[in-house]
Amino acid sequence: MTTFLDNIFNGLALGAVYALVALGFVIIFKASGVMNFAHGSLLLLGGYLTAVFHDDLGFAGALAVAVLVTAAVAGAMDRFLLHAGGTDPHTAHVQTIVTIGVDIVILTDLSRRIGGDLLSLGDPWGDSVSGLGPVTVADSRIAAIVVSTVVIAGVFALFRYTSWGLSLRASAEDVEAAALMGVRLVRIRTLAWCLAGALAALAAVFLAAFPAPGLERTTGQIALKAFPAAILGGMASPPGALAGSLLIGLTEALVAGYQSDLHILGEGFGDVAPYAVMVLVLLVRPTGLFGGKAAVRV
Amino acid sequence: MKSSHHTHHTPRAMRTTSLLAAAVAALLLAGTGCSSKADSSGSAGEGADGVKTGPGVTDKTIKLGALTDLTGPYATLGKSIVQAQQMWADEVNARGGICDRRVEIVVKDHGYDVQKAVTAYADISSDVVALPQVIGSPVMAALLDDIERDKVLTFPQAWAASLLDRDSVQVLGTTYDIDMIAAVDFLTRTKGLDKGDTIGHVYFEGDYGANALEGSKWAAKKAGLKVAGQKIKATDTDLSAQVSALRKEGVKAILISAGPAQTASLVGVAASRGLKVPVVSSAPGYAPQLMKTPAAPALAALLNVVSAAPAVSSDLAGVRKMVASYKKKYPGSLIDSGVLSGYNAAQLMGTDLKRACENGSLAREDVVKAHRSQSNVDVGLGTAQNFSDKAQPANTSTYVHKPDAKAVGAAVNVEDAHTAPGVKEYLASRTS
Amino acid sequence: MSERLSRARAVRLGWTFAAVVVLCALPFYLDAFWLRIGLFSMAAAVGAVGLGLLSGTAGQLSLGHAFFLAVGAYGYVWLAGEPGPGLPTALAAVLAVLLAGVAGGLFSPVAGRVRGVYLGVATLALVFLGHHVLLTADSVTGGFNGRSVPPLEVGGFSFSADSELSLLGVPFGAEERLWYLGLALFAITWFTARGLLRGRPGRALVALRDSETAAAVMGVDVSRYRSAAFVVSSMYAGLAGVMLALAFRRVVPDYFGLVLSVDYLAMIVIGGLGSVAGATAGAVFVTALPLLMTRYADQLPLVAAPGTTDGAVGPTEAARYLYGAAIVLILLFAPDGLHGLVRRLRARLRSRRTAPPPADAASPSQPPASAVRAKEPTP
């Protein structure tokens with residue numbers, strides 16, 4: 001039973017962090033139709049900046065700088081590199097490939113700077129743990145769940161109650177109609193990218209904190225796990241991203257936790273299990289759990 | 001599908017096509033007359049000093065190749081090895097070179113990309129006599145057949161038993177399975193493990209992990225222990241789920257054959273969850289950088305490392321001399337096990353080349369022959385190597401280290417080199 | 001009018017002739033390094049043409065191309081090798097291509113239902129699950145270390161360096177022989193794909209991409225065409241896989257990962273969607289450029305030799321920077337890819353040559369840059 005609770009908690013904590021990344025994906029996709037392949041390097045950038053500045057500015061100061069800079073970089077990327085084809089949704093696939101180019105450049109540079117080091121982000125939790133009933137949980141994980149919940153709730157509120165959120169949702173529904181109604185598409189889009197960048201920088205803190213040993217050059221690859229999470233929930237649905245992330249986190253933790261009982265699937269299945277779950281879900285619901293049926297226009 | 005294109009071809013078009021083909025052939029015949037590739041019947045020959053030469057060897061130079069990773073996941077290891085081997089080449093050249101020829105190392109960085117590595121090999125293979133460094137198991141796997149065919153003596157920086165039994169490829173020191181047999185022996189001998197106990201083994205997917213697991217399973221069976229395996233990927237750096245699973249199995253000790261980040265996470269999580277059991281890692285699972293992470297106290301308390309090489313902080317005269325010159329040549333560079341391993345490989349390559357020179361030929365196949373004729377080479381950096389049986393590891397004895405933040409390379413020797421009981425039996429059982 | 005047409009045709013024939021001569025003569029001059037880059041490029045071109053049909057023409061985003069390449073490569077190795085049925089290698093190559101097609105067909109329940117970015121990530125799952133299988137099914141795939149590739153033999157002629165062969169004084173090793181095989185297979189790909197695009201299937205796929213509903217109204221069997229596009233694209237991928245296996249001489253699972261899939265997607269977009277020539281250009285760009293840059297980057301200023309100094313930019317890093325920047329710049333200035341770039345340059349040259357612009361040159365036949373999806377598939 002303890003093991004089961006352990007696994008459940010591991011899964012939830014993992015899922016909460018994936019949710020920050022997946023939410024960024026979804027916001028970008030909703031705003032611009034682009035699949036952001038550079039999300040992993042944005043995440044790494046946020047983590048790296050926190051690691052570099054925490055000695056001088058303290059953890060909170062460094063994190064604030066990292067979040068702001070990463071948001072600015074993401075916004076600049078959208079403004080200067082992705083607007084070449086205008087906001088025409090038909091150019092989204094070209095912009096998707098541009099993000100690959102940007103990813104290569106940022107990742108190369110950060111890898112060169114990080115080298116083989118394991119950078120500490122100076123987070124306040126260290127390796128302390130707390131007992132919750134029968135299970136022992138790392139404080140950083142509790143923090144991850146709390147912070148993710150608060151931030152995600154905040155993003156939902158932004159979506160629902162601000163004019164930006166309304167415009168974003170309107171333009172995601174129908175670009176032309178939104179433009180006719182006076183929605184300033186470019187600004188909406190760039191703000192969405194900034195928000196996604198900020199979320200990625202925040203996620204980096206929890207991905208590099210204990211139980212992980214620190215920030216590595218490969219930390220950004222975790223963004224790949226957010227792909228199935230975002231898809232599972234439905235690419236256009238932020239609540240879906242949350243649900244999908246939790247499902248992916250739980251699947252991964254449970255399959256890894258019970259690896260010895262799942263021999264038939266081959267060892268190490270935990271890492272690919274999220275994808276298997278995703279394909280099964282898509283077979284039943286082709287637009288994800290929370291994705292609505294797309295209206296057909298002729 | 002194809003016919004749809006050809007149906008509207010008129011006889012005239014067909015005539016043009018055949019004319020085209022004839023013209024192509026004619027042009028080819030004319031053009032290749034001046035091809036530089038024609039009648040270059042290999043560079044095999046005899047030097048002015050009577051030593052037979054081959055690819056990579058001239059009267060003045062001996063060229064060695066390194067297919068390394070300076071920009072990928074093993075960048076730290078790659079850098080240490082490249083610098084250590086360059087240091088060796090400079091030292092050798094200062095003493096007049098080998099066989100009166102200067103030694104040059106051609107370094108190619110593949111960044112752990114198989115396609116880049118294969119292309120880089122095609123690029124340098126005709127210009128080098130041997131490869132004292134190849135990093136990356138998938139790279140090595142992709143090149144195995146080519147290396148065998150070209151008879152390029154190669155020292156991979158990987159220690160899987162699957163690399164044994166090839167004439168031109170030499171695994172230096174012990175293989176991963178032997179290290180893990182020694183690890184199990186260390187646990188039962190010093191940590192009080194007993195019959196019926198369970199040990200966990202966390203291992204990477206791929207050759208490294210599989211080979212290590214083979215060793216631990218064999219040794220555990222002999223000792224009456226059970227092994228609970230946990231396979232992970234290189235991208236897993238949070239091992240909470242694995243620790244939960246191992247705790248459920250009630251393990252009394254844990255073996256880990258992964259990377260440094262995984263070792264740090266495993267030991268840190270286990271300690272924080274009260275699973276305070278001894279942990280023994282394979283050599284690639286530890287790096288000095290770990291002692292700067294929050295997991296450092298737990299690592300110092302729980303971890304040991306099994307390795308075919310001594311710790312860089314060892315008292316061996318050869319190792320101390322190497323550390324001193326490395327510090328002088330590359331001030332500020334970290335001294336880790338990669339430095340020792342690269343320097344050791346280069347030294348051994350040097351003795352092979354010298355032997356080949358004495359035998360009168362630096363042609364590739366003769367370098368391999370010279371290499372296989374050496375059964376007891378000791379370059380003063382650990383234990384002696386025996387290269388005469390390609391099916392067996394070059395050595396069977398291992399050291400045990402433990403982390404120490406203050407020591408050079410952040411590790412110190414705990415046990416000196418010795419062959420664990422059972423290793424001989426294991427090797428015999430494997431070859432039969 | 002007909003005279004102008006035939007002159008244009010003669011010019012085109014001349015160019016084709018020159019290209020064929022150059023391509024056929026190259027093995028007599030280039031060394032193994034260049035030939036290998038050529039082989040990788042040709043294989044990539046075949047795969048990219050297949051993906052171009054699926055994603056560019058039919059509009060189905062696929063990130064699973066690496067999986068179908070792996071099916072082709074491993075299929076060939078298993079069918080022709082030991083352990084395995086040990087079939088004649090030529091037969092094994094054909095069957096491997098068919099096998100990749102079957103794999104594509106098996107995925108059609110998903111391909112038929114799931115669309116757009118969902119399909120993209122669903123196919124991504126194929127890559128991860130496939131990689132897992134490649135690692136675990138040791139007896140077929142050889143596990144982590146992969147398997148050696150048996151050299152192809154057609155009618156007693158072996159595409160390997162096993163038998164001595166020298167033509168006009170030039171020793172013909174595996175690379176030289178495979179070069180001609182690669183050229184032949186690429187030519188087949190080129191003509192079949194162009195045939196498909198210009199024929200009824202191509203038009204149906206374009207209609208499908210632009211509007212499924214409209215296509216269905218016009219009588220296109222939507223789900224059948226969607227699945228068929230997947231099968232055909234997978235077969236091209238399978239062929240590319242066989243070619244890659246022959247060029248590598250050993251197949252390892254780690255090569256067939258996500259990066260490879262993303263590379264193929266980059267190829268068709270950089271080349272320009274919806275055209276065979278574009279896919280080819282993109283394939284050469286994405287395959288050869290990083291390899292060449294890595295090889296020659298140390299000639300650049302400010303780039304240090306590998307492993308010499310601390311903190312300096314090494315050749316591999318310099319190559320990565322340049323490659324990433326090249327992708328961004330090309331698509332920034334030519335969102336319709338290399339193919340569109342060439343087409344616009346050509347149109348500009350032509351309009352400059354015929355000084356007072358005649359009506360047909362002044363209104364270029366291609367849509368403006370923003371409408372990347374060309375309405376008519378052009379070669």
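Start with chain B of this predicted model: 19 residues of domain 1 of chain B are in contact with 19 residues of domain 2 of chain B. On the domain 1 side, the residues that touch domain 2 divide into 9 nonpolar, 9 polar and 1 charged.

To colour the two parts, select 52-174 and 314-395 of chain B for domain 1, then 176-307 and 400-431 for domain 2. The C-alpha centres of the two domains lie 28 Å apart.

Show side chains for the contact: H1(A) contributes Thr3(A), Asp6(A), Asn7(A) and Asn10(A), while H8(B) contributes Ser240(B), Ala241(B), Ser244(B), Arg247(B) and Lys248(B). By class, the residues of this contact are 1 nonpolar, 5 polar and 3 charged.

An unreviewed UniProt entry lists transmembrane regions in chain C, among them residues 12-30, 61-79, 178-197 and 321-342. Select residues 12-30 of chain C: the span is 74% helix and 0% strand, and its end C-alpha atoms lie 27 Å apart. Then select residues 178-197 of chain C, where the span is 100% helix and 0% strand. The end C-alpha atoms of residues 178-197 lie 28 Å apart.

Terms used
Residues numbered from 1 in each chain as written. Chains lettered and ligands numbered in written order. Predicted model: local features only at pLDDT ≥ 70, side-chain atom pairs only at ≥ 80, totals over all residues. UniProt positions renumbered as here; feature names shortened; annotations may be inferred. Helix = DSSP H or I, 4+ residues; strand = E, 2+ residues; numbered from the N terminus. Contact = placed C-beta atoms within 7 Å. Nonpolar A, V, L, I, M, F, W, Y, C, P; charged D, E, K, R; others polar. Domains from an automatic or database assignment.
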